[in-house]
Amino acid sequence: MNDDTVTHEISLLVTALKRMADPQPDGTYKTTFIKIFKDEVLEQQLESLVGTMKAAKKRGIIDFQGQMLLQGAHDNVEVTLKKP
């Protein structure tokens, strides 16, 4: 994926997180990986959820424990969308 594609997919992820995650008092949004993984809208939009999440974490847009999240093993891991 080129950088424009990655940037576009990250923006789709951010939009989805604002829709599905719980807003926090500090301006962040939090949800679990399984909720993101099972979102049908996002599933249709992204080429690679795991790759997009890794790129967003590397750019400091989201945060989660570990390097990569996998369905099943990391279903309950909390994902945080940092303040825009």
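Student: In what order do the four strands form the open sheet?

Tutor: The model is predicted, so local features need pLDDT of at least 70 and side-chain atom pairs count only at pLDDT 80 or more, while totals for chains, interfaces and linings use all residues. Residues are numbered from 1 along each chain as its sequence is written, and side-chain values use heavy atoms, with hydrogens and water left out. Helices (H or I, at least four residues) and strands (E, at least two) are DSSP runs numbered from the N terminus, and two strands pair if DSSP finds at least two bridges between them. The pairing here is antiparallel, and the order is E1-E2-E4-E3.

Student: Which are the edge strands?

Tutor: An edge strand pairs on one side only. The edge strands are E1 (22-23) and E3 (62-63).

Student: Which residue of E2 is the bridge partner of Pro23?

Tutor: E1 and strand E2 (residues 29-32) run antiparallel and are joined by two bridges. The bridge partner of Pro23 in E2 is Tyr29.

Student: Which helix packs on the sheet, and what angle does its direction make with that of E2?

Tutor: Contact means heavy atoms within 4.5 Å. Axes are lines fitted to C-alpha atoms, for helices over the stretch in contact, and angles run from 0 to 180 degrees between N-to-C directions. Touching E1, E2, E3 and strand E4 (78-81), the helix that packs on the sheet is H1 (residues 3-20), and the angle is about 85°.

Student: Is Thr31 buried or exposed?

Tutor: Thr31 has its place in strand E2. Leaving aside neighbours within four places in sequence, Thr31 is in contact with several residues, including Leu17, Met20 and Ile36. Buried means under 20% relative accessible area, exposed over 50%, and partly exposed in between (1.4 Å probe, protein chains only). Because its relative accessible area is 8%, Thr31 is buried.

Student: What distance separates the C-alpha atoms of Met20 and Ile36?

Tutor: Met20 is found in helix H1, and its relative accessibility of 8% is why Met20 counts as buried. Beyond its neighbours within four places in sequence, its contacts include Thr31, Ile36 and Leu42. Met20 and Ile36 are 16 residues apart along the chain, and their C-alpha atoms are separated by 7.9 Å.

Student: How is the aromatic pair of Phe33 and Phe37 classed?

Tutor: Rings of Phe, Tyr and Trp (its six-membered ring) pair if their centres lie within 6.5 Å; planes under 30 degrees apart count as stacked, over 60 as edge-to-face and the rest as tilted. The structure holds one aromatic pair. Phe33 and Phe37 lie 5.8 Å centre to centre with 50° between the planes, so the pair is tilted.

Student: Is Phe37 buried or partly exposed?

Tutor: Phe33 and Phe37 both lie in helix H2 (residues 33-37), four residues apart, about one turn of the helix. Phe33 counts as buried because its relative accessibility is 0%. Phe37, at 36% relative accessibility, counts as partly exposed.
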